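Subject: Structure for your review

Dear colleague,

Please find the structure below, handed over for your use.

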Amino acid sequence: MAYQALYRVWRPQTFAQVVGQKIVTQTLKNSILTDQISHAYLFAGPRGTGKTSCAKIFAKAINCLTPVDGEPCNHCDICRAVNENRLTDVIEIDAASNNGVDEIRDIRDKVKYPPTEAKYKVYIIDEVHMLSTGAFNALLKTLEEPPAHVVFILATTEIQKVPATIISRTQRFNFRRITPADLTEQMVKILDQKQISYDEPALQVISRAADGGMRDALSILDQVLSFGQDHVSLANALEVTGDASDNQLADYLSAVFQKDLDQALQQITQLFANGRATTRLIESMIELFRNLLLQQNSPELVASLNYRPLPDSLKPFAQQLTTSQLYRMISDANETLQQLRNSTHGDLFLEVLTVRLVNLLRESGTTETPAAAAPAADQAVVTQLQSEVTKLQEQVSQLQQTGRSATTAAAKPKQVKHQAAPKINRQAIYQVLAAATKEDLSAVREVWPDLLDKLTPAKRAMMNVSEPVAASPAAIVVAFEYAFTLKTANEDQTLQNDLKQELNHFMNNDANIVLVEKDQWPGLRQDYIQDLHKKKQQQLGETQAATPAEPEQSPVVSQAEQLFGSNVVKIEKD
Ligand SMILES: [Zn+2]
């Protein structure tokens, strides 16, 4: 006999067998017991939560020759005919495949004929939101004057797409996601009956991946069983779902929370090597972030919800991370999840997400973490920077008072400490700009993704937050989203060599690469244009006015640069 999928074999035949929809099934049973049957029902809820099963049980129950307490008997001629899909009075329509007006018109024509065998004619329209506007209008006409012997059951996963005029003519039931506990219980029941042993955590992994759908849970269980018929192992469950084990995920997130980018990227590479699915990984991360958030705000709620349990090694971070950091991490992860839908480069997105999360934690800083050395140092840099700026401001005003022009002061190279901003190679950038063309830039941009593909995962992750912003035949300027990443890239000689080598390979030239921070780029470009403008004026032989030229700084240029000229902005880490 051909193998039958678990979800078919275990499809509920009575309301009592329906898992996780107690309110719905109780209400439906009561309406049958009290003989208050409505002409149209709307079953709304996520996929695999029992809508179609309930519709068929209801169709049987209202037609059953010997119903018991509102339940179908499943033995009489009618029940057996429905179970075997041969009762002509129960008509199932999949709107996803029959969305034409014609099919619904057909219903309108035939609806007036009484049922042939059963008491009620039952139309079950699955995925009703898929109907065309014309079909909805036709359906509406039928719903407005339904014959006494007809019952419509409309099922949908997307209630918001069903016209209000339809909804208002139906009795609505909301099917809820089935809790992981209920899903697990059902799987235990099935496995016990089949005398198959299982690892308890394997069932948790399957329940989480099923996302509240029984059909998905049983399909995954089927797949896991195809790996090994006599035992449901955790390893196989992780393999099928693409999920990471608690330990793997905890190791990765610990590295992220401790702002150890290298370690975090290594963990990611390892997860990929083991074939973990990006989407599932990010969903798992979001579940854990939410769990941490709840631990902070209402720990008593955590137990009642069915979030992925926190691995012990992550528990201390509930106190160390701030609420706003967790919110931002959830939002970044969500955003990545959306982007993933349109991409096949899942690994890249996860690497970029890793860099973003670590950066986010580094920039926002935390208090009282054991790994707090880094943020404390950041704070020290900021404080030092502030006092440095104050000192320099005083010097400038003194200089102005002693009659020396600000321009002379600015012409003298000053060293300003700039938080995390590496040295800007202004001369190199100006050289690129002097010879830059649109064509060169678009040529570089075209090969950029392929070029990045040649890098190791860690280096690629770093470069994924960068883009070429200017190019000449001799050099290109690459702007970085984050100051921190720019700094790391600037310090990484191997990366720069690899980049240059690949660039030269792709462009067939010997161009150099200059790195800048994205935020500073508009200011740099504007400075260059002003410089150029000044030089042109000088070339035109215009005598300089007695007053010193006051550079019109763009607002994007940092305050320190405005005050002290921008010849040298240098980072010094003491
Ligand atoms: Zn029956």
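**Helix packing and local features**

In α14, the residues Thr278, Thr279, Ile282, Met285, Ile286, Phe289, Arg290, Leu292, Leu293 and Gln296 meet Thr323, Leu326, Met329, Ile330, Ala333, Asn334, Thr336, Leu337 and Leu340 of α17. By residue class, this contact of α14 with α17 comprises twelve nonpolar, six polar and one charged. Please note that the model is a predicted one.

The geometry of this pair is as follows. Helix α14 covers residues 278-297 and helix α17 covers residues 323-340; they pack at an angle of about 160°, and their axes are 10 Å apart. Because angles over 145 degrees count as roughly antiparallel, α14 is roughly antiparallel to α17. The crossing of these two helices, α14 and α17, is left-handed.

A second pair is formed by helix α2 (residues 22-33) and helix α3 (residues 51-63), whose axes come within 11 Å and cross at roughly 20°. With the limit for roughly parallel set at under 35 degrees, α2 and α3 are therefore roughly parallel to each other. Their crossing, that of α2 and α3, is right-handed. On the α2 side, Val24, Thr25, Leu28 and Ile32 take part, and they meet Cys54, Phe58, Ala61 and Ile62 in α3. The contact of α2 with α3 divides into seven nonpolar residues, one polar and no charged.

Helix α12 may also be of interest to you. This helix, residues 246-257, has twelve residues, and from its first C-alpha to its last it reaches 16 Å, close to the 16 Å expected at 1.5 Å a residue. Buried residues in α12 are Asp246, Leu249, Asp251, Tyr252, Leu253, Ala255, Val256 and Phe257. The cover over the buried residues of α12 includes α13 (261-273), α14, α16 (317-320) and α18 (346-364). After α12 comes Lys259, with a positive phi near 60°.

Helix α18, named above as part of that cover, also contains Leu348. Why does Leu348 count as buried? There are 20 other C-beta atoms within 10 Å of Leu348, and a residue is buried if 20 or more lie within that distance. Leu348 is also 9.2 Å from Asp453, C-alpha to C-alpha, although the two are 105 residues apart in sequence.

Asn74 has a phi near 65° and is found in the loop between α3 and α4 (77-83). Asn74 counts as partly exposed, because it has 17 C-beta neighbours inside 10 Å. Gln195 has a phi near 55° and lies in the loop between α8 (180-193) and β6 (197-198). Gln195 is exposed, since 7 other C-beta atoms lie within 10 Å.

As for the chain in general, it has 27 helices and ten strands. Of its 574 residues, 38% are buried. Among the contacts in the chain with a separation of 6 or more, 76% are between residues 24 or more positions apart.

Yours sincerely

Note on methods. Residues are numbered from 1 along each chain as its sequence is written. This is a predicted model: local features need pLDDT of at least 70, side-chain atom pairs count only at pLDDT 80 or more; totals for chains, interfaces and linings use all residues. Axes are lines fitted to C-alpha atoms, for helices over the stretch in contact, and angles run from 0 to 180 degrees between N-to-C directions. Helices (H or I, at least four residues) and strands (E, at least two) are DSSP runs, numbered from the N terminus. Angles under 35 degrees count as roughly parallel, over 145 as roughly antiparallel, 65 to 115 as roughly perpendicular and the rest as oblique. A crossing is left-handed if the near helix is turned anticlockwise from the far one by less than a right angle, and right-handed if clockwise. Two residues are in contact if their C-beta atoms, placed from the backbone, lie within 7 Å. Ala, Val, Leu, Ile, Met, Phe, Trp, Tyr, Cys and Pro count as nonpolar, Asp, Glu, Lys and Arg as charged, and the others, Gly among them, as polar. The expected span of a helix is 1.5 Å times one less than its number of residues. A residue is buried if 20 or more other C-beta atoms lie within 10 Å of its own, exposed if 12 or fewer, and partly exposed in between; C-beta atoms are placed from the backbone.
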